[in-house]
Amino acid sequence: MKGPQEQLFVLVIGTGRSGTHWVGNIVGGHNEFRSTVEEPKIFSLVTQMAVDSSKRRRLFPKLVRKYRREMRRSAPQHYLDKSHPNICLAEDLGDAFENARFIGIERSVYATVFRACYSMKGY
């Protein structure tokens, strides 16, 4: 059984339409991981802080508590969360969790915009 120091907290971050769902589902599907993908209570907090940084002071401690709860629920497995707007909170999350690791997705803006526009047209 992994102790708290050995359990990893992996966050998949990036921009929308960059492939974060795909990576989150692949890594989260491994038997050594338990994952959440845009879990509504977590994703809502993350998105609010990403959109309006003035909410961070009030909401960040709540997010940390939710993540710690998810990590306890995940033990002995590692815990992965895919809430891509965490890209805006990565530095603070890294400070709050010494076992945090980040998978950052970088994708060409042209491919991202093309895919978003393409899907809006119903192709």
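Start by selecting K41, R58, K62, R65, R68, R69 and R72, which gather in a patch of positive charge on the surface. A patch joins like charges within 9 Å, using residues with over 30% relative accessible area and no salt bridge; Lys and Arg count as positive. This is a predicted model, where local features need pLDDT of at least 70 and side-chain atom pairs count only at pLDDT 80 or more, while totals for chains, interfaces and linings use all residues. Residues are numbered from 1 along each chain as its sequence is written, and side-chain values use heavy atoms, leaving out hydrogens and water.

Next, select helix α3, residues 56–74, which gives the largest share of the patch, six residues. Helices here are DSSP runs of H or I, at least four residues long, and strands are runs of E, at least two. R68 in this helix is partly exposed, at 37% relative accessible area. Buried means under 20%, exposed over 50%, and partly exposed in between, with a 1.4 Å probe and protein chains only.

Stay in helix α3 and pick E70 and R34. They form a salt bridge with closest N and O atoms 2.6 Å apart; the term means a side-chain nitrogen of Lys or Arg within 4 Å of a carboxyl oxygen of Asp or Glu. R34 sits in strand β2 (residues 33–37), 36 residues from E70. Both E70 and R34 are buried.

Finally, select E38 and K82, whose salt bridge has closest N and O atoms 2.5 Å apart. E38 is partly exposed, at 24%, whereas K82 is buried, at 0%.

How values were computed. Patches are made of residues with over 30% relative accessible area and no salt bridge: like charges are joined within 9 Å, nonpolar side chains (Val, Leu, Ile, Met, Phe, Trp, Tyr) within 5 Å. Accessible areas come from the Shrake-Rupley method with a 1.4 Å probe; for residues, only the protein chains shown count as cover. The place of a charge is taken as NZ of Lys, CZ of Arg, CG of Asp or CD of Glu.
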